[in-house]
Amino acid sequence: MASATPSSAASATAVTTIDAQTLQTWRQEHPDLIVLDVRSAAEFESLHIAGSVNVPLPLLKDHADSVAKRLGGRTVLVCQSGVRAEQARQRLGAAGIDTATVLTGGVPGYAAAGGNVVRGKERWDLERQVRLAAGSLVLAGLTGGRFASPKVRTIAGFIGAGLTFSAATNTCAMGKALSVMPWNRAAAEPTHDDVLASLPSAPAESPEAAAS
């Protein structure tokens with residue numbers, strides 16, 4: 001996979017992805033680079049890239065405009081696999097940031113490539129929990145349909161329809177529901193103020209721009 005350079009990322013408007021090796025190089029060469037981790041606080045607490053800023057996707061979606069004002073031309077979005085990072089890229093794009101890049105392979109891929117990460121309490125990542133929940137419900141529906149009532153099989157149908165809708169819309173209602181479960185809560189959930197405090201100050205508006 002071809003990866004972009006910081007200079008090309010600054011001018012490109014198309015989606016740009018980078019791999020773990022490229023991110024490691026960027027972090028050595030460009031100390032102003034910002035890594036935003038859009039996973040849940042609990043996932044971040046379990047494993048994250050050293051120096052990254054945790055902005056859970058729901059929080060970013062609600063405050064994309066204020067977050068975008070703090071971002072420059074070198075922003076990398078990371079999650080578990082790249083799906084949520086891409087959603088974040090699209091939301092930031094709507095807020096005026098079209099130069100953000102998405103890390104392929106997510107945080108686990110970065111760790112496997114020898115990147116500098118911070119490890120904490122081990123938890124199942126949210127995407128793995130979604131697969132377990134969906135698979136368990138389908139299995140329950142098929143088993144119940146065989147031994148209890150054929151109507152129970154509709155559970156499997158609902159799950160299949162839900163997964164199809166999730167893929168088509170690039171959203172995940174089940175993941176959103178699981179994210180608020182007690183076992184997915186971190187000791188400290190980041191707030192909007194926490195996020196802004198972790199990002200560079202917004203550039204001062206020029207007198208000419210203010211006058212216009």
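Student: Which residue in E6 is the bridge partner of Leu-77?
Tutor: Leu-77 has Val-102 as its bridge partner in E6. This is a predicted model, where local features need pLDDT of at least 70, side-chain atom pairs count only at pLDDT 80 or more, and totals for chains, interfaces and linings use all residues. Residues are numbered from 1 along each chain as its sequence is written, and side-chain values use heavy atoms, with hydrogens and water left out.

Student: What makes E5 and E6 a pair?
Tutor: Strands pair if DSSP finds at least two bridges between them. E5 and E6 have 2 bridges, so they count as paired. Their pairing is in the parallel sense. The names come from DSSP runs numbered from the N terminus: helices (H or I) need at least four residues and strands (E) at least two.

Student: Where do these strands sit in the open sheet?
Tutor: The sheet has 5 strands in the order E1-E6-E5-E2-E4, with parallel pairing.

Student: Why are E1 and E4 called edge strands?
Tutor: Strand E1 (16-18) and strand E4 (53-54) each pair on one side only.

Student: How do you know that H6 packs on the sheet?
Tutor: Contact means heavy atoms within 4.5 Å, and H6 touches E5 and E6. The direction of H6 makes about 140° with that of E5. Such angles run from 0 to 180 degrees between N-to-C directions, and the axes are lines fitted to C-alpha atoms, for helices over the stretch in contact.

Student: What span does H6 have, and what is expected?
Tutor: Helix H6 (residues 83-94) has 12 residues and reaches 17 Å from its first C-alpha to its last. The expected span is 1.5 Å times one less than the number of residues, and 17 Å is close to the 16 Å expected for H6.

Student: Which residues of H6 are buried?
Tutor: Arg-84, Ala-85, Glu-86, Gln-87, Ala-88, Arg-89 and Leu-92 are. Buried means under 20% relative accessible area, exposed over 50%, and partly exposed in between (1.4 Å probe, protein chains only). The buried residues of H6 pack against several elements, including helix H3 (41-46) and helix H8 (126-147).

Student: What makes Arg-89 and Glu-86 a salt bridge?
Tutor: A salt bridge needs a side-chain nitrogen of Lys or Arg within 4 Å of a carboxyl oxygen of Asp or Glu. Here the N to O distance is 3.0 Å, so the pair qualifies. Being 3 residues apart in helix H6, they are separated by about one helical turn.

Student: Why does Arg-74 count as partly exposed?
Tutor: Because its relative accessibility is 27%. Its salt-bridge partner is Asp-32, with the closest N and O atoms 3.1 Å apart. The two lie in distant parts of the chain, 42 residues apart: Arg-74 in the loop between H5 and E5, Asp-32 in the loop between H2 and E2. Asp-32 is partly exposed too, because its value is 47%.

Student: Which residues touch the most other members of the largest nonpolar core?
Tutor: Leu-36, Leu-60, Val-67, Leu-71, Leu-77, Leu-92 and Leu-199 do, in a core of 21 residues. Strand E2 (34-37), H4, H5 and H6 each give two or more residues to this core. A nonpolar core is a set of buried Ala, Val, Leu, Ile, Met, Phe, Trp, Tyr and Cys residues joined through side-chain atoms within 4.5 Å. In soluble globular proteins, nonpolar side chains tend to be buried together.
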